Amino acid sequence: MANASEPGGNSSPSPLSSSASASPLAAPGLKLAALGAILCVSLAGNGLFALLILKERHLHRAPYYLLLDLCLADGLRSLACFPAVMLSVRRGAGSGGALPPGALGCKLLAFLAVLFCFHAAFLLLCVSVTRYLAIAHPRFYAKKLTGWTCAAVVCVAWALALATAFPPVLDVGTYRFVREEAQCTFEHRHVGANDTLGFLLMLAVVVGATHLVYLRLLFFIHDRRKMKPAQLVPAVSQNWTFHGPGATGQAAANWTAGFGRGPTPPALVGIRPTGHGQARRRLLGLEEFKAEKRLCKMFYLVTLLFLLLWGPYIVACYLRVFVRPVAIPPGYVTASVWLTFAQAAVNPIVCLASNKKLRVCFWARFPCCQSPRTSQGTLLCPLKGFGL
């Protein structure tokens with residue numbers, strides 16, 4: 001984020017950048033250590049999860065295909081963008097040093113950073129819609145959401161992200177090197193001369209719509225959990241031969257015992273014969289419902305962390321647009337930027353902690369990643385068919 005910059009891409013010194021050097025959060029050593037740890041965790045975690053989903057046939061399902069794309073995007077973001085940030089911090093670009101990648105390279109790095117950010121936002125929105133369909137319309141979800149459908153959803157998310165991130169390459173909204181953040185990104189200027197407010201509004205709308213879908217799903221689950229009184233339909237009888245929607249097998253017993261006169265009681269009208277098309281369940285079973293609900297919780301935790309880690313930076317961007325930049329503490333700017341970097345590393349940890357099926361498959365596939373004490377308890381888990 002910057003308010004003014006030279007045509008070459010390097011911003012002029014500002015009181016904000018000079019005061020940032022005195023902040024503990026802006027210390028180059030601390031920045032490099034934190035970003036190095038984030039880079040290692042992101043590459044290792046996302047790489048192992050991508051390999052796990054590709055190798056484990058129990059995970060060849062629609063939600064895990066979308067999780068695979070999210071992990072690959074986070075890993076590519078770490079590999080493409082974080083080394084340049086570390087290089088700029090090491091060379092002292094935040095204190096007025098030369099821009100490491102050059103003008104064209106800076107524009108490319110900013111394009112990739114914005115592309116991966118909006119791709120994650122659009123993909124999480126698509127995931128929330130699929131989670132709603134999995135619980136509210138299970139037959140449609142099971143029939144339509146195949147591997148090719150997931151590939152189409154992923155392509156749509158990448159296409160929307162590309163359409164959002166590409167216009168600033170043509171100077172519609174500006175990609176510049178921002179010293180306070182030590183990275184190439186949007187140059188957010190005041191609202192009077194702003195080209196990036198539309199991009200900020202787009203990101204806020206997508207994230208808000210994602211949470212609205214999960215809120216609608218929560219209301220749907222809550223409504224279906226309400227206890228409703230049973231409505232008994234009385235059977236119809238003229239000569240002790242009960243029939244109709246409320247009839248039971250007692251009618252035949254009454255007729256056999258001699259209580260009925262006349263013809264044999266008719267078939268129960270209220271029970272339809274089970275045909276080929278009606279044999280399939282319309283609603284999820286209890287175990288399937290619990291499994292889908294656990295997947296919803298996992299993906300909502302990923303979405304919530306995306307909001308929490310990107311939220312401070314989005315607030316700082318809006319402050320840059322509507323408030324003078326010197327009003328933003330430099331420590332807050334640095335912390336908010338590094339929180340966005342951390343978002344690329346937390347998704348595998350959240351998924352592993354909140355999904356038992358992923359844990360079982362992960363420990364079975366990579367036993368070297370667990371301690372000897374926990375390995376004894378997980379050896380018997382694959383014998384249960386990787387059950388949730």
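Reader: What makes residues 299-323 count as helix, and how far apart are the end C-alpha atoms?
Author: Over residues 299-323 of this predicted model, the chain is 96% helix and 0% strand, with 34 Å between the end C-alpha atoms. Helices (H or I, at least four residues) and strands (E, at least two) are DSSP runs, numbered from the N terminus. The UniProt record, an unreviewed entry, includes residues 299-323 under "transmembrane region"; UniProt positions are given in the numbering used here, feature names are shortened, and annotations may be inferred rather than shown by experiment.

Reader: Thanks! What about residues 32-54?
Author: Residues 32-54 are 100% helix and 0% strand, and their end C-alpha atoms lie 32 Å apart.

Reader: Why is Gly-311 called buried?
Author: Gly-311 has a relative accessible area of 16%, and buried means under 20% (exposed is over 50%, partly exposed in between, with a 1.4 Å probe and protein chains only). Gly-311 is therefore buried. Its place is in helix 9 (residues 286-322), and its C-alpha atom is 9.4 Å from that of Ala-204, 107 residues apart along the chain.

Reader: Where is confidence lowest, and where is it highest?
Author: The mean pLDDT (the predictor's confidence in each residue, from 0 to 100) is lowest in helix 1 (residues 15-20), at 41, and highest in helix 6 (residues 147-165), at 93. Over residues 267-282, pLDDT stays under 50. Where pLDDT is low, the predicted coordinates should not be read in detail.

Reader: And how were residues numbered and values taken?
Author: Residues are numbered from 1 along each chain as its sequence is written, and side-chain values use heavy atoms, leaving out hydrogens and water. In this predicted model, local features need pLDDT of at least 70 and side-chain atom pairs count only at pLDDT 80 or more, while totals for chains, interfaces and linings use all residues.

Terms used
Contact = heavy atoms within 4.5 Å.
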